[in-house]
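Take a look at the chain below.

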Amino acid sequence: MASVPSTAAAARTAVHDEDLPVRRLRRPGRTVAALVVALCVLGIAWSFATNPALDWGTVGAYLFAQLTVKGVWVTFYLTVVSMVIGVVGGTVVAVMALSDNYVLRSIASLYTALFRGTPVLVQIIFWGFIGAFFPKVTLGIPFTDVVFYSAQTSSLVSATTAAILALGLNEIAYAAEIVRGGIDSVDHGQREAASALGLRPALTMRRIVLPQAMRVIVPPMGNEVITMLKTSALVSVIAGNDLMTNLQQVYSQNYKVIPLLVVASLWYLALTAVFTLGQRQLEKHYGRGIRSRRAR
């Protein structure tokens with residue numbers, strides 16, 4: 001029978017093992033691959049930065065120019081307002097899609113299919129030229145001659161308004177699917193428990209289901225914000241006064257296309273970094289309980 005080592009011997013063995021140096025396994029192939037990739041990236045960056053067509057002087061001249069900053073503000077405004085419309089409207093459509101009422105479910109499905117099935121560029125152009133479809137906006141009593149208000153559509157729907165309508169209504173369809181997926185991720189027993197406590201369905205959704213669903217909703221919704229930021233560049237087709245619209249007007253006159261596109265790219269990267277930081281903070285806020293359990 002093998003003898004059991006004494007406590008003192010075990011302690012000496014443990015101390016001896018702790019004194020042994022720990023060395024990482026050498027992987028020369030991985031190091032060489034990393035160096036090759038780093039050299040390639042540096043070479044591409046250097047060739048890009050030293051390209052005479054880039055014209056860093058033009059980049060510096062227009063980076064903080066008044067028309068550029070104004071365009072950045074309009075782009076930021078379009079993104080935020082369109083996302084607010086998308087999130088609020090998407091939540092309503094998602095609740096309709098999960099409703100027991102067949103009519104509400106059908107309307108939600110039709111709306112989602114319509115706006116997800118047509119290109120956003122087509123929607124932007126449609127709203128930009130809505131005056132050709134509806135020349136006048138009239139408020140009154142239907143099927144009578146009583147009119148309370150009437151105005152030309154072109155005077156009410158500016159390029160910026162048309163951009164917000166197109167981007168916001170399109171985003172509702174995508175946000176609705178994200179919110180619906182987040183709501184479905186919450187265990188149905190939560191709603192049953194709230195119903196047993198006498199809570200109304202609307203209050204249950206607002207106070208119990210949606211706060212738990214936010215952990216699932218925030219990451220893809222953050223991606224939608226970044227996508228919205230870049231999609232807003234499409235409103236340049238209706239002269240939406242955004243960043244791309246203003247810079248396109250400039251390079252159509254001075255033909256400095258590449259430098260001005262670099263200006264636009266730098267600003268889009270900066271705005272993306274701001275929105276990404278906000279997304280990370282929201283993820284930390286709504287994932288506190290989950291993260292603490294994983295840390296254990």
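The questions and answers below concern a predicted model.

Q: Is threonine 79 buried or exposed?
A: Threonine 79 lies in helix α4, residues 66–97. Its relative accessible area is 0%. Buried means under 20%. So threonine 79 is buried.

Q: Which backbone oxygen does the side chain of threonine 79 reach?
A: Threonine 79 is in contact with residues beyond its sequence neighbours, including Val225 and Phe275. Its side chain also reaches a backbone oxygen at 2.8 Å. That oxygen belongs to threonine 75.

Q: What is the relative accessible area of glutamine 123?
A: Glutamine 123 lies in helix α6, residues 120–128. Leaving out residues up to four places away in sequence, it touches Phe115, Thr118, Ala166 and Asn170. Glutamine 123 counts as buried, with a relative accessible area of 7%.

Q: Which residues touch the most other members of the largest nonpolar core?
A: Nonpolar side chains tend to be buried together in soluble globular proteins. Here the largest nonpolar core holds 45 residues. Helices α3, α4, α6, α9, α11, α12 and α13 each supply at least two residues of this core. The members that touch the most others are Ile124, Met221, Leu243 and Tyr268.

Q: How many residues are in the other core, which lies apart from the largest one?
A: Val93, Met96, Ala108 and Ile172 are among its members. This other core has five residues.

Q: How many residues apart in sequence are the parts tied together by aspartate 55 and lysine 256?
A: Aspartate 55 and lysine 256 form a salt bridge, with their closest N and O atoms 3.2 Å apart. Aspartate 55 lies in the loop between α2 and α3, and lysine 256 in the loop between α12 and α13. So the pair ties together parts whose separation in sequence is 201 residues.

Q: Why are glutamate 177 and arginine 180 separated by about one helical turn?
A: Glutamate 177 forms a salt bridge with arginine 180, and the closest N and O atoms are 2.8 Å apart. Both residues are in helix α9. They are about one helical turn apart because their spacing in that helix is three residues.

Q: Which residues are linked with Arg180 in a network of salt bridges?
A: Side chains of opposite charge can pair when their charged atoms come close. Arginine 180 pairs with glutamate 177. Aspartate 184 also forms a salt bridge with arginine 180, at 3.7 Å between the closest N and O atoms. The network links Arg180 with Arg116, Glu177 and Asp184.

Note on methods. Residues numbered from 1 in each chain as written. Predicted model: local features only at pLDDT ≥ 70, side-chain atom pairs only at ≥ 80, totals over all residues. Heavy atoms only, no water. Helix = DSSP H or I, 4+ residues; strand = E, 2+ residues; numbered from the N terminus. Buried < 20%, exposed > 50% of the residue type's maximum accessible area, 1.4 Å probe, protein only. Polar contact = N/O pair within 3.5 Å; in protein donor to acceptor, adjacent residues only side chain to side chain. Contact = heavy atoms within 4.5 Å. Core = buried A, V, L, I, M, F, W, Y, C linked by side-chain atoms within 4.5 Å. Salt bridge = Lys/Arg side-chain N within 4 Å of Asp/Glu carboxyl O.
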